[in-house]
Amino acid sequence: MDFTFAVYEKLMEGAVNAGYQAVTVREYLQEVRKPLTLILRHDVEWNPQRALAFAEVEKVCGFRSTFYFRVDTKAFNLSVMRQLQDEGFEVGYHFNTLDRCGGDFNKAIALFEREVNMLREAGIEVETVCSHGDPRVKKVGYKVNNEIFLRDPDLRTRCGLLGCL
């Protein structure tokens with residue numbers, strides 16, 4: 001499969017020509033539903049500059065998408081996150097707190113809340129989150145990072161989130 005920007009540009013142009021409209025995850029959860037809707041999202045794990053390049057392609061097509069940033073890699077770049085947000089893109093939190101806390105649910109939930117608050121204090125309007133899965137991390141007592149929401153059913157409400165992917 002060809003994962004170049006040239007191919008992505010052609011894909012986006014094809015979507016425009018076919019009459020598709022793109023919405024962010026937030027918009028979709030807020031019930032912005034139209035015929036021929038694309039929900040575009042990106043996990044930004046290593047290179048924030050690539051996120052900006054994807055955004056440029058999407059802007060040309062009149063599309064906006066959601067970018068989920070990790071805070072524990074070099075992808076964490078508040079300047080890029082703010083720029084995307086200022087340009088009308090949604091910026092969310094790409095979390096892996098159970099992995100980082102060795103499966104300790106209490107620590108993982110506390111870390112999740114701290115990091116959502118830290119992003120918001122920095123001006124990032126986090127309304128949706130997306131769990132990260134690293135197959136290299138041995139899972140002890142859990143299978144996926146978003147199990148924190150099963151363990152703590154009030155976490156989403158407490159954090160003021162529309163949704164978790």
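**Close-up views of strands and helices**

**View 1: Strand 6 and its neighbours.** In strand 7 (residues 163-164), C164 is the bridge partner of V129, and two bridges join strand 6 (residues 128-131) to strand 7, running parallel. Strands here are DSSP runs of E with at least two residues, helices are runs of H or I with at least four, and both are numbered from the N terminus; two strands pair if DSSP finds at least two bridges between them. Keep in mind that this is a predicted model, where local features need pLDDT of at least 70, side-chain atom pairs count only at 80 or more, and totals for chains, interfaces and linings use all residues. Residues are numbered from 1 along each chain as its sequence is written, and side-chain values use heavy atoms, without hydrogens and water.

View 2: Which residues cover each side? T128 and C130 sit on one side, V129 and S131 on the other, and all are buried (under 20% relative accessible area with a 1.4 Å probe, protein chains only; exposed is over 50%, partly exposed in between).

View 3: Four bridges join strand 3 to strand 4 (residues 66-69), and the two run parallel. V44 stands opposite F69 of strand 4.

**View 4: Helix 3 meets helix 4.** Residues P48, Q49, A51, L52 and A55 of helix 3 meet V80, Q83 and L84 of helix 4, where contact means heavy atoms within 4.5 Å.
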